[in-house]
Amino acid sequence: MTIETITLAPGYTISRVAKGNWQLAAKHGAPYAQDDAVEDMRRFVEAGINAFDCADHYVGVEDTIGLFRRRYPELGKQLRVSTKYTPDIELIPHLTRRDVETAVDTSLQRLGVEQLDLVQFHWWDYEVPGCVQAMQWLQEFQKAGKIAHLGTTNFNVARLREIVDGGVTLLTNQLQYSLLDRRPENGMVELCRQHGIQLLCYGTVAGGFLSDKWLGQPSPPPPFENRSLIKYRLIIEEFGGWEAYQALLRALDTIAKKHGSSIAAVAARYVLDRPQVAAALVGAKDARHLDETLAIFSLRLDAEDLASLGALSDAAPGPAGDCYDIEREKDGTHARIMQMNQNTHGAPAHIDMSPPIAAIGARS
Ligand SMILES: NC(=O)c1ccc[n+]([C@@H]2O[C@H](COP(=O)([O-])OP(=O)(O)OC[C@H]3O[C@@H](n4cnc5c(N)ncnc54)[C@H](OP(=O)(O)O)[C@@H]3O)[C@@H](O)[C@H]2O)c1
């Protein structure tokens, strides 16, 4: 099995499947031992997965990657870490250049590097002006050598165009892209193609919902085990509800069995093969799914597979519209489950692990 890689820029070559690390953030789910997480990181890098995704607001995660780098300096040299800059929603109305620099310096210090490989910028509220300015400040710190590459996450087409028009050169754009969520195809893929921006995709296995585990199962009762499941259970509802999703799982299972593979591998492979996609982020709290994750590389989907999956996905009513727009609807179902001030306040002491009940079952 060969690890597929992609060179995004000179000296910046990553495995096309990245280890997502939101799952290690405080209060994402059950607590874990940091030493175990470091050992699991070692397994990923030794297996050839050298791309790790994290964020400034994934509480504790940059520190754990920093610990991994100190403990395994040779493996650490192979690592390419995409982090994020996600200024808190409370901060953005009066964000300063100094705030941006402090955030960059904090990530540098936590990750234990002199230069950040890739900083992906997120902005919580389009009604608050300043996102292009903030991105331009990031670009100044890039020119100063603190950041190698810049990216974005969760922008829609109009806002991403403003950033590009503002003179910012973007290497990547991170967005949700899966068989359950093909909103990137509503203009974002094309915009990124025009500007040479590569897509890093999350949600490719929908928090685990796109896996063998859920085939033929009833919708789980709350509370859920972790925050990814809440997020993607709401996406399943947008997709048409539990039954429509189960039909997709059955089609994925048929294809998986044909290739001697798994539902998760087929789902991730589907995204990996879409135009403009550089890498699929697969969230990993530990290394339990590492072998299945590696199996994505040896899987090849044929025209019949793509037609069957495409038909089911095309038939879904949603999620509709542009990237992350429904997530931005004030007091909407999706926005209500988000934590938007974790850089300032850390993870809340208590997180409700139940998706908004009224939203679930709307179509199921
Ligand atoms: N930019 C953003 O706003 C944003 C948003 C979300 C995520 N992300 C990034 O993207 C990464 C991907 O995370 P995600 O939350 O979207 O989740 P995901 O990758 O869709 O799902 C990850 C979960 O799926 C399960 N899983 C993975 N491989 C599996 C397999 N082969 N078989 C069965 N189950 C499998 C695991 O759950 P169990 O351990 O419970 O089995 C795992 O935690 C995150 O870690 C983060 O780095 C970014």
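Me: How many bridges join strand 1 to strand 2?

Reply: Four bridges join strand 1 (residues 5-9) to strand 2 (residues 12-15). The two strands run antiparallel. Keep in mind that this is a predicted model.

Me: Which residue in strand 2 is the bridge partner of Thr5?

Reply: Ser15 is the partner of Thr5.

Me: New topic. Which strands close into a barrel?

Reply: Eight strands do, in the order 3-4-5-6-7-8-9-10. Their pairing is parallel. Neighbouring strands are turned by 30 degrees against each other on average, ignoring direction.

Me: Zoom in on strand 5 and strand 6. How many bridges there?

Reply: Four bridges, in the parallel sense. Ser82 stands opposite Leu118 of strand 6.

Me: Now helix 5. Which strands does it lie across?

Reply: Helix 5 lies across strand 5, strand 6 and strand 7. It runs at about 160 degrees to strand 7.

Me: How many residues does helix 5 have?

Reply: Helix 5 has 13 residues, 131-143. It reaches 19 Å from first C-alpha to last, close to the 18 Å expected.

Me: Which of its residues are buried?

Reply: Among them are Val132, Met135, Trp137, Leu138 and Phe141.

Me: What covers them?

Reply: The cover of the buried residues includes strand 5, strand 6, strand 7, helix 4 and helix 6.

Me: What follows helix 5?

Reply: Gly145, with a positive phi near 95 degrees.

How values were computed. Residues are numbered from 1 along each chain as its sequence is written. This is a predicted model: local features need pLDDT of at least 70, side-chain atom pairs count only at pLDDT 80 or more; totals for chains, interfaces and linings use all residues. Side-chain values use heavy atoms; hydrogens and water are left out. The expected span of a helix is 1.5 Å times one less than its number of residues. Buried means under 20% relative accessible area, exposed over 50%, partly exposed in between (1.4 Å probe, protein chains only). Contact means heavy atoms within 4.5 Å. Two strands pair if DSSP finds at least two bridges between them. Axes are lines fitted to C-alpha atoms, for helices over the stretch in contact, and angles run from 0 to 180 degrees between N-to-C directions.
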